[in-house]
Amino acid sequence: MVQHSKLGIVDKTRKGTDKGLLALPLPKINPNIVSGMSIFTSIAFLLSFQFSKPLAFVFIVLTLLLDWLDGLIARKHNLSSEEGYMVDVTADRISEGIMFILFPIWFILFAINNMLTMISFTKNRHIILPLRHIFLVYFIIIFLLV
Amino acid sequence: MNILLHFLIAYFAVEIAIGNAWSYVIYIFIFSVILDFDHIGYILREKGKIRHKKFGYESRTRFHELYGLTLISVVLSVLFFFVNFVLVQVVALSFVMHYAVDFLVGKSRPFYPYSNKDVFLHLCPDRYRAPVEVILTIVLLVVFWFSIQSLVL
């Protein structure tokens with residue numbers, strides 16, 4: 001089992017939020033399916049971006065929700081595993097790749113994040129950037145507010 | 001997934017997300033199927049038994065996994081500065097959709113060659129995979145045919 005050390009603040013925040021969130025009645029489904037669903041919502045974001053920015057925004061939020069939910073379900077039902085980690089990380093990278101195709105600067109950041117993912121795995125340290133979370137803020141400012 | 005379905009999925013993704021896919025059809029075809037060329041080594045190795053073999057994760061090289069996606073994303077990021085902007089987006093989308101589809105429907109080894117651990121999303125059970133693939137290919141082929149007809153007329 002790969003142990004990935006995260007930043008202390010991430011661990012503390014997660015422990016704090018998990019106390020309440022793990023009490024939620026989450027279904028005992030395979031977390032890998034939830035990770036896979038986040039790829040579908042990323043594709044939906046890409047396909048809807050040209051037609052409706054608010055709809056695209058909904059799909060980014062859904063993608064992030066699903067990404068957060070897979071880990072939560074795994075922790076609640078003790079389904080955390082090395083396979084789950086691999087699926088989660090790979091689904092995140094593919095999701096980023098799909099979402100950032102229309103935004104070259106973000107695609108370059110995606111390439112950097114891919115390299116960080118490989119380094120994280122080989123060096124056993126979690127140094128991956130939460131690009132989609134930052135992108136959500138960017139999207140709100142550039143496409144919804146301005 | 002068969003190469004025709006990879007092409008059709010990439011074609012329609014480009015058509016909806018970027019537009020004017022027919023102008024880039026050659027690029028979409030090449031870059032949506034080129035990853036599957038790594039099966040050739042496997043076919044040559046297993047040529048005696050190939051009829052009974054599946055083209056699962058064991059037939060893929062490192063370039064068909066996250067390692068390959070990393071390399072391709074770095075190369076495409078550099079190309080953004082030198083080549084037609086939209087063309088790079090078309091090529092990137094063709095590649096990324098191939099990785100996405102392969103990851104969603106079958107077993108893969110995301111961190112190969114660093115780890116041989118295989119993963120499966122269970123979104124499409126193995127017994128349904130072939131019929132789903134055939135139906136999806138036929139449906140998209142029909143839509144593709146009509147979309148080409150509308151372009152010609």
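Start where the two chains meet: 35 residues of chain B are in contact with 36 residues of chain A, contact meaning heavy atoms within 4.5 Å. Before going on, a word on the ground rules: this is a predicted model, where local features need pLDDT of at least 70, side-chain atom pairs count only at pLDDT 80 or more, and totals for chains, interfaces and linings use all residues. Residues are numbered from 1 along each chain as its sequence is written, chains are lettered from A and ligands numbered from 1 in the order in which they are written, and side-chain values use heavy atoms, with hydrogens and water left out.

The size of an interface is often given as the accessible area lost when the parts come together. Here, about 3200 Å² is buried between chain B and chain A, and carbon and sulfur atoms give 84% of that; buried area is the accessible area (1.4 Å probe) that two parts lose on being put together, summed over both.

Now for M37(A), which sits in helix α2 (residues 31-48) of chain A. Helices here are DSSP runs (H or I, at least four residues), numbered from the N terminus. M37(A) touches L66(A) and L123(B), leaving aside residues up to four places away in sequence. Because its relative accessibility is 35%, M37(A) counts as partly exposed; buried is under 20% relative accessible area, exposed is over 50%, and partly exposed lies in between (1.4 Å probe, protein chains only).

On to the interior. A nonpolar core is a set of buried Ala, Val, Leu, Ile, Met, Phe, Trp, Tyr and Cys residues joined through side-chain atoms within 4.5 Å. The largest one has 76 residues, and I39(A), F45(A), F135(A) and I28(B) touch the most other members. Helix α5 (residues 85-105) of chain B supplies the largest share of this core, 15 residues. Another core lies apart from it, with six residues, including L26(A) and L66(A). As for I28(B), its contacts include F7(B), Y11(B) and V90(B), again not counting residues up to four places away in sequence.

Finally, find F37(B) in the loop between α2 and α3 of chain B. F37(B) counts as exposed because its relative accessibility is 54%.

Notes
Helix = DSSP H or I, 4+ residues; strand = E, 2+ residues; numbered from the N terminus.
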